[in-house]
There are 2 protein chains.
Amino acid sequence: MESLHSSVEAYGSGSLREQKWSPGEKSVARKAFDGALERELDSITQEVKRRASGIKAPSELWELEEYLSDCRKEINSKYDYRYSMLLIVFGQLVRQGWLGIDELRGLSEDKVASIQLVADFGKKRE
Amino acid sequence: MESLHSSVEAYGSGSLREQKWSPGEKSVARKAFDGALERELDSITQEVKRRASGIKAPSELWELEEYLSDCRKEINSKYDYRYSMLLIVFGQLVRQGWLGIDELRGLSEDKVASIQLVADFGKKRE
C-alpha cells in the first residue's frame, strides 16, 4: 500500500501532472477519452429508455429527472480533458469499466502504470 | 373588456379570494383539481416516454432533463390548492384544457362565472 500512497501523493505534488504528451500519445488519449464517453452516454441512454418506458407513477417522472441531473453532473465533472488531469481521469474510467487498459496502448509505460495505479487505488478505497 | 378587467381587478383586491366554500363545493373542487392534475401528469408521462424512446444523440438526454425540470416547476407552481387561489387555478386549468367547465358543476354560479372569466381573460392575453 505504501507504493500506492506514494504514487498518488506524487501525483498531487505535481510530478505526474507535468508529464509531457507526445503527438502520438495525444491521439491515443483523445480516442480513448471519446470512446469511454460515448460508451457511458450510450449506457445512460439505455437506462433512461428503460426507466421511461416503465413509468407508472408521477413520482417516477421526478426520479428520472433526478437521475438525469446526477448523470449530467457526473459526466461534466469526470470527463476533464486537461493533460494535467488525464492520468486520474483515465484511472477512474478504467476502474469503472468505461475504458479498457488495452485502449491506452501507445502511451508511455509510466503513464499506463500510473493510470493502472489510480484504477487499483480507487478499487481498494471503494 | 371592461367587465373582464373589473373582475380580475376585483380578484386582486380580495373580494373573490375571500369567498366561502361549502362542504359540497370543497368536494367538487377537490375532485376537479385531482382530475386535472392526473390528466396533466399522464400527458407529461406520455411525452417523456415518447421523447425517451426516440433519443439518438446525447444532447437529447439533457433536453429531456430540462423538459422534466420545467414540467415539475410548472406543476408545483400551478397546482396550488388554497381556497383563496382556486378560482384562478381552475380558470387557468380550463383555459389550458386540463379541466372541463362541466366538472365544476356544484360550485356556486358566481364562482363558475369567475373561473370562466379567468379562463377567457387568459385566452385573450395569449
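What pattern does chain A follow, read along the sequence? The answer is α-α-α-α-α. Chain A has 5 helices and 0 strands. Helices and strands here are DSSP runs, with at least four residues of H or I for a helix and at least two of E for a strand, numbered from the N terminus.

Some housekeeping. This is a predicted model, in which local features need pLDDT of at least 70 and side-chain atom pairs count only at pLDDT 80 or more, while totals for chains, interfaces and linings use all residues. Residues are numbered from 1 along each chain as its sequence is written, and chains are lettered from A and ligands numbered from 1 in the order in which they are written.

On confidence: pLDDT is the predictor's confidence in each residue, from 0 to 100. Chain A averages a pLDDT of 89, and 83% of the residues score at least 70. Where pLDDT is low, the predicted coordinates should not be read in detail. For the complex, the predictor gives an ipTM of 0.81 and a pTM of 0.82.

Now chain A as a whole. I call a residue buried if 20 or more other C-beta atoms lie within 10 Å of its own, exposed if 12 or fewer do, and partly exposed in between, with C-beta atoms placed from the backbone. Of the 126 residues in chain A, 25% are buried. Two residues are in contact if their C-beta atoms, placed from the backbone, lie within 7 Å. Among the contacts in chain A with a separation of 6 or more, 70% are between residues 24 or more positions apart.

Next, the two chains together. A rotation of 180° with 0.0 Å of shift along its axis superposes chain B on chain A, with an RMSD of 0.0 Å. That is the relation of a two-fold axis. The superposition is by least squares on the C-alpha atoms of residues with pLDDT of at least 70 in both copies. Which residue of chain B comes closest to the rotation axis? That is Glu65(B), at 2.7 Å for its C-alpha.

The contact between the chains takes 16 residues from chain B and 16 residues from chain A. On the side of chain B that touches chain A, the elements giving two or more residues are helix 2 (23-53) and helix 3 (58-78) of chain B. Helix 3 of chain B gives the most, with 8 residues. That side of chain B divides into 10 nonpolar, 3 polar and 3 charged residues. In this count, Ala, Val, Leu, Ile, Met, Phe, Trp, Tyr, Cys and Pro are nonpolar, Asp, Glu, Lys and Arg are charged, and the others, Gly among them, are polar. Of the interface residues of chain B, 100% are also interface residues in chain A, so the copies meet through the same surface.

Let me stay with helix 3 of chain B. At 1.5 Å a residue, its 21 residues should span 30 Å, and its end C-alpha atoms are 31 Å apart, which agrees. The expected span is 1.5 Å times one less than the number of residues. Its buried residues are Leu61(B), Leu64(B), Glu65(B), Leu68(B) and Cys71(B). They cover an arc of only 130° around the axis, which puts them on the same side of helix 3 of chain B. The arc is that of the directions from the helix axis to the C-beta atoms. On the other side of this helix, Ser59(B), Asp70(B), Lys73(B), Glu74(B) and Ser77(B) are exposed. What covers the buried residues includes helix 2 and helix 3 of chain A together with helix 2 of chain B.

Helix 2 of chain B has 31 residues and reaches 45 Å from its first C-alpha to its last, close to the 45 Å expected. Buried in this helix are Ala29(B), Ala32(B), Ala36(B), Glu40(B), Val48(B) and Ala52(B). Their cover includes helix 2 and helix 3 of chain A, together with helix 3 and helix 4 (86-96) of chain B.

Last, helix 4 of chain B. Is this helix mostly covered or mostly exposed? It is mostly covered, with 8 of its 11 residues buried. Among them are Phe90(B), Gly91(B) and Leu93(B). Just after helix 4 of chain B, Gly97(B) takes a positive phi of about 90°. In the loop between helix 3 and helix 4 of chain B sits Ser84(B). Ser84(B) counts as partly exposed, with 13 C-beta neighbours inside 10 Å. Ser84(B) and Glu18(B) are 66 residues apart in sequence, and 6.3 Å apart in space, C-alpha to C-alpha.
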